[in-house]
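The following exercises examine one protein model step by step.

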Amino acid sequence: MYGPNHHGWIEVVVGPMYSGKSEELIRRLKRAEIAKQNVVVFKPSIDDRYCKKNVVSHNGSKIKAIDICKPQDIYKYINEDTQVIGVDEVQFFEEEIVGIIRDLADKGMRIIAAGLDMDFRGEPFGPTPKLMAIAEFVDKLSAVCMTCGNPAHRTQRLINGKPAKYSDPIVLIGATESYEARCRLHHEVPR
Ligand code: ADP
């Protein structure tokens, strides 16, 4: 508990892809488990990277997580003994997640949410900016720019190896898509 009185709060961990958000989330949650706290972890069912039942970081660390389709589902898996709640890929949840996280913190739980702060266009991503505003603690992590090696705060989307255009649809049938971390100078979003 961070304060002298036992009460809830919100921690948010943001950054581009590969900045270590999942790693940091897992690190904090594992420490809570070591402290014998009651921990429950959620992620949107949309993110099926590596394994459906775990939050897995790009360097292989993992923790058990529950896949949920909508923010309200969180209430089905927690009870009055729940002390710490982790949420990964929070940007993919509907706006409703903000009010639910606020409610859980108000009820005395510690919430740690990790997610992308910007989309591939460099614009605020889903509910993350609102969560950052209402959180007690925000950590903005950086990755390494794949072009120059400087700190990277943005996610470059590549379609068939070329920078995705601003107007390119989120789902592209038959195209090879990839993402890499880039700094402001090397982040390209052709109009
Ligand atoms: P996130 O959840 O932010 O996507 P992860 O926690 O899954 O990040 O992965 C972070 C790990 O990704 C780093 O510890 C490192 O091993 C690896 N990695 C791969 N590419 C990069 C990069 N461009 N910058 C920093 N780390 C990278």
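Two strands pair if DSSP finds at least two bridges between them. Helices (H or I, at least four residues) and strands (E, at least two residues) are DSSP runs, numbered from the N terminus. The model is predicted: local features need pLDDT of at least 70, side-chain atom pairs count only at pLDDT 80 or more, and totals for chains, interfaces and linings use all residues. Residues are numbered from 1 along each chain as its sequence is written, and side-chain values use heavy atoms, with hydrogens and water left out.

**Exercise 1. Describe the sheet that contains strand 11.**

Solution. 
- Step 1: Strand 11 is joined to strand 12 (residues 162-163) by 2 bridges, and the two run antiparallel. Ile-159 has Lys-162 as its bridge partner in strand 12, and Leu-158 has Pro-163.
- Step 2: With strand 13, strand 11 pairs in the antiparallel sense over 6 bridges. Here Gln-156 has Glu-180 as its bridge partner.
- Step 3: Together the 3 strands form an open antiparallel sheet in the order 12-11-13. Strand 12 and strand 13 stand at the edges with a single partner strand each, so one side of each lacks a neighbour in the sheet.
- Step 4: The hairpin of strand 11 and strand 12 has 2 residues between the strands, and Asn-160 there takes a positive phi near 50°.

**Exercise 2. Characterise the lining of the largest pocket.**

Solution. 
- Step 1: On a 1 Å grid over the protein atoms alone, a pocket is an open set of points where a 1.4 Å probe fits, with protein on both sides within 12 Å along at least five of seven lines; lining residues have an atom within 4 Å of a point.
- Step 2: The largest pocket has a volume of about 770 Å³, a volume being the space filled by probe spheres set on the points. Of its 30 lining residues, the closest to the centre are Met-17, Glu-89, Phe-92, Leu-116 and Tyr-179.
- Step 3: Helix 1 (21-34), strand 7 (110-116), strand 11 (154-159) and strand 13 (177-182) each supply at least two lining residues. Helix 1 gives the largest share, 3 residues.
- Step 4: The lining divides into 11 nonpolar, 8 polar and 11 charged residues. Ala, Val, Leu, Ile, Met, Phe, Trp, Tyr, Cys and Pro count as nonpolar, Asp, Glu, Lys and Arg as charged, and the others, Gly among them, as polar.

**Exercise 3. Examine Glu-24 and Leu-29 in helix 1.**

Solution. 
- Step 1: Glu-24 is buried, with a relative accessible area of 17%. Its side chain and that of Arg-28 are joined by a polar contact of 2.7 Å (a pair of N or O atoms within 3.5 Å; within protein, one must be able to donate a hydrogen and the other to accept it, and residues adjacent in sequence count only if both atoms are side-chain atoms).
- Step 2: Leu-29 is also buried, with a relative accessible area of 0%.

Technical notes:
Buried means under 20% relative accessible area, exposed over 50%, partly exposed in between (1.4 Å probe, protein chains only).
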